[in-house]
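Dear colleague,

Please find below the structure I promised to pass on to you. My notes on it follow, and I would be glad if you read them with the model open.

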Amino acid sequence: MVGAACALYAARAGLDVIVVDRGPVAGGTTGAGEGNLLVSDKEPGPELELALLSGRLWTELAEEIGDAVEYEHKGGVVVASTSDGLEALETFATGQRAAGVEAVRVDAGRLRELEPHLAPGLAGGVLYPQDAQVMPTLAAAHLLRASGARLFTGAAVTEVLRGADGAVRGVRTGRGEIHAPHVVNAAGTWGGELAALAGVSLPVLPRRGFVLVTEPLPRRVHHKVYAADYVADVASDSAALQTSPVVEGTAAGPVLIGATRERVGFDRSLSLPALRALAKGATRLFPFLERVRAMRTYFGFRPYMPDHLPAIGPDARVPGLFHACGHEGAGIGLSTGTGQLIAQVLTGHAPELGLAPFRPDRFPASASTASTSDSEEAS
Amino acid sequence: MTEPSLAVIGAGPAGLAATLAAATRGIRVTLLDSAAEAGGQFYRQPAPGLGARRPQALHHQWRTWERLRDGLRAHVQAGTVRHMTDHHVWFVERRGTDGFAVHALVGPEQEQPAEVRATAVLLATGGYEKVLPFPGWTLPGVVTAGGAQAMLKGGLVLPGRTAVVAGTGPLLLPVATGLAAAGATVAALVESADPKSFARRSRALAGQPGKVAEGARYTGQLLRHRVRTLLHHTVVAAHGAERLEAVTIAALDRDGRVRQDTRRRLVCDTLAVSHGMLPHTDLADALGCRVDGTDVSVDDEQRTDVPGVWAAGETTGIGGSALSLAEGHIAGRSIAARLAGRAPDPGEWAAAARTRDGLRAFFAAVDSVYAPPAHWAEQVTDGTVVCRCEEVSAGAVREAVHELGAGDLRTVKLLTRAGMGWCQGRVCGSGVAGVAGCAETAGRRPFARPVPLGVLARAGETEEQ
């Protein structure tokens with residue numbers, strides 16, 4: 001998805017673009033995503049700024065190809081079960097509002113109007129009208145088509161070609177060499193491997209997530225709905241926002257429930273405990289789901305960075321090399337802004353957001369050896 | 001876990017043979033099956049309420065069935081086998097040193113959970129019919145050949161009065177003769193296989209005298225009922241306003257393309273169609289067992305590459321009931337030895353192994369003879385619905401390939417929703433792959449059946465009930 005967005009904005013900035021992928025279109029994490037375009041879950045800071053920029057660009061794109069990519073401006077609702085939880089949520093929302101997020105506090109009565117099938121007894125919540133949704137595989141395919149870029153699928157990059165001065169001059173693939181003065185690494189969870197081919201380290205690690213898909217239903221869940229409560233654990237040095245799975249209806253009928261977060265490397269086996277946690281979280285929010293059937297489940301590997309911020313921009317270590325990866329679970333949403341920023345720096349313009357927090361070389365070289373074996377309970 | 005135990009999933013020929021072989025050798029067996037009676041698809045039983053007087057008229061190898069049925073009954077009475085009917089298994093969970101938990105759904109709506117723990121698992125989940133799309137294939141009156149046979153065997157009802165049986169594969173013969181014997185007019189048996197390829201594989205096919213005799217018996221029955229057999233022909237389209245009224249058939253040329261000048265219409269109210277069988281591999285795949293192409297991979301003892309998991313019958317490759325019996329028998333003996341902590345002596349099952357090897361060679365030859373026409377997908381018009389659950393047309397699949405860069409079945413699915421509905425691609429997978437022009441792969445279906453979220457939310461949490 002990020003690669004497709006880079007291709008689109010680079011092509012619109014006047015560049016000649018070739019997209020190379022070792023698999024098919026959307027064959028990596030994109031095809032396993034939910035297509036969340038969220039601002040609601042982001043605290044003020046560089047990621048939220050990128051999300052707001054991306055949201056504006058998605059709105060523009062939706063006018064061209066919104067139907068084709070199943071763009072839905074459905075809004076998000078974050079609910080709290082207790083009044084303490086609601087206050088914490090409100091505090092979080094106050095910070096977001098100052099950063100430009102629309103966040104509307106809703107009481108218990110209004111909550112039931114927004115989502116009549118929610119569990120009874122919830123304290124209230126916050127409505128985020130800017131949260132939206134696309135079908136990620138369709139989005140990647142249609143952005144690529146709109147870009148007019150030449151597409152080489154089934155062509156794995158085996159080498160990043162560099163000149164005598166150290167600058168990149170293209171890539172070698174299973175289908176031959178491609179020469180270009182700029183190479184953008186949008187390899188997602190495998191971005192670290194591509195960086196290594198260029199001789200630099202980039203600590204992108206996999207974080208597995210499962211999504212559950214139900215049988216098709218008449219629309220009963222209208223927004224993206226999830227529960228959030230601050231852990232008021234004074235012993236914890238950072239108050240982490242604990243969230244339950246995001247539950248949402250789709251245009252096609254099924255309800256999507258996602259997603260778990262586990263650091264288990266590239267383990268492809270099915271985890272019943274992870275799926276159980278998703279089903280529990282979803283049925284707790286929407287009791288009617290108890291008897292609704294899960295048709296299937298799928299999983300993907302989010303590209304995550306040690307500080308949970310993506311790598312975006314030129315790599316000072318290798319002239320001509322740019323990175324656009326490591327967006328963890330937000331890559332679909334953040335792809336448009338990322339593509340726009342990459343296109344701006346590729347064409348020598350000042351990026352409209354400061355890229356310092358996203359600098360690809362911000363990690364010490366040893367960071368790439370961070371453990372991948374620790375696991376987290378599914379959220 | 002105190003005493004080693006075995007869970008057998010599927011009570012068809014393979015599952016029954018394995019159950020008897022293991023239980024006779026002292027293993028505690030739980031046999032789970034989705035049907036109300038044992039027998040599987042092959043020995044499907046008429047519902048008892050129908051009062052069938054001679055169900056054996058619809059079956060051959062009735063004696064074999066009686067032996068399996070009586071053996072199971074004796075073990076159930078002796079308490080050595082638990083037979084759990086109407087259990088729809090949706091997932092088999094590996095629980096480390098605890099062995100396995102088999103998760104099933106029971107009850108009239110399949111909403112209640114049931115869980116069985118075992119030290120070893122045998123997957124004998126059988127196969128299902130493959131049907132390729134053609135214009136008109138979604139009309140009422142078009143049924144699968146296996147479905148027509150199931151109606152005859154299980155419900156003792158005729159699907160229609162005038163039938164055409166079409167497609168390819170050895171299943172078409174018993175379906176055509178069964179329909180004719182039950183009183184239907186069979187207007188034609190339309191088989192796309194080329195008689196020349198029978199001749200080319202005659203040695204391998206003649207290596208199984210029993211099978212040749214079986215074929216000759218069906219041929220005799222077809223003649224007796226005056227059923228016209230059209231080899232190297234195919235159904236081009238089915239026609240009808242509300243339901244099926246006629247089909248257009250045509251001969252094939254040497255390359256497997258329709259010869260347009262040979263098109264003609266046959267009036268019929270039933271079209272029973274089948275293009276072969278595919279193994280059920282969902283449970284095996286979710287367990288992490290290796291699946292080669294469309295078949296679960298097993299060794300000489302019928303073991304998968306996941307310790308503690310065996311597989312037998314159609315799930316390891318389509319080969320009919322006799323092969324399933326041999327594989328089930330070998331699996332049951334291997335499991336009995338392995339669970340007792342000793343390596344089995346293959347000499348014990350030498351006869352079954354010979355049967356297995358012979359039948360595998362025979363069905364490899366059968367597979368190469370019975371094939372859909374090479375260019376069948378050309379007959380599928382853009383407007384033809386290829387995925388019925390999600391109502392995806394052939395045109396949409398072609399657009400995903402030619403316009404949006406899909407090159408494999410998964411990407412086609414994600415771009416078009418073909419295969420995302422109730423059948424999870426079981427019905428349409430082969431058809432969509434053919435229309436898209438990409439390789440057919442065993443689909444990943446982590447849940448073998450849809451499972452209520454309330455059941456999933458508690459699955460595997462408690463100790464065995």
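**Backbone and burial notes**

Ala26(A) is buried, with 28 other C-beta atoms within 10 Å (a residue is buried if 20 or more other C-beta atoms, placed from the backbone, lie within 10 Å of its own, exposed if 12 or fewer, and partly exposed in between). This is a predicted model, in which local features need pLDDT of at least 70 and side-chain atom pairs count only at pLDDT 80 or more, while totals for chains, interfaces and linings use all residues. Residues are numbered from 1 along each chain as its sequence is written, and chains are lettered from A and ligands numbered from 1 in the order in which they are written.

Ala26(A) sits in the loop between strand 1 (18-20) and strand 2 (36-37) of chain A, where helices (H or I, at least four residues) and strands (E, at least two) are DSSP runs numbered from the N terminus. Its phi is near 60 degrees, a positive value in a residue other than glycine. Most residues other than glycine have a negative phi.

In chain B, His232(B) also has a positive phi near 60 degrees, and lies in the loop between strand 12 (229-231) and strand 13 (233-239). With 19 C-beta neighbours inside 10 Å, His232(B) counts as partly exposed.

Helix 13 (residues 429-436) of chain B is mostly covered, eight of its eight residues being buried, among them Val432(B) and Val435(B). What covers these buried residues includes strand 21 (385-387), helix 11 (394-402) and helix 12 (409-416) of chain B, contact meaning C-beta atoms, placed from the backbone, within 7 Å. Just after helix 13, Gly437(B) takes a positive phi of about 75 degrees.

With best wishes

Conventions
Two residues are in contact if their C-beta atoms, placed from the backbone, lie within 7 Å.
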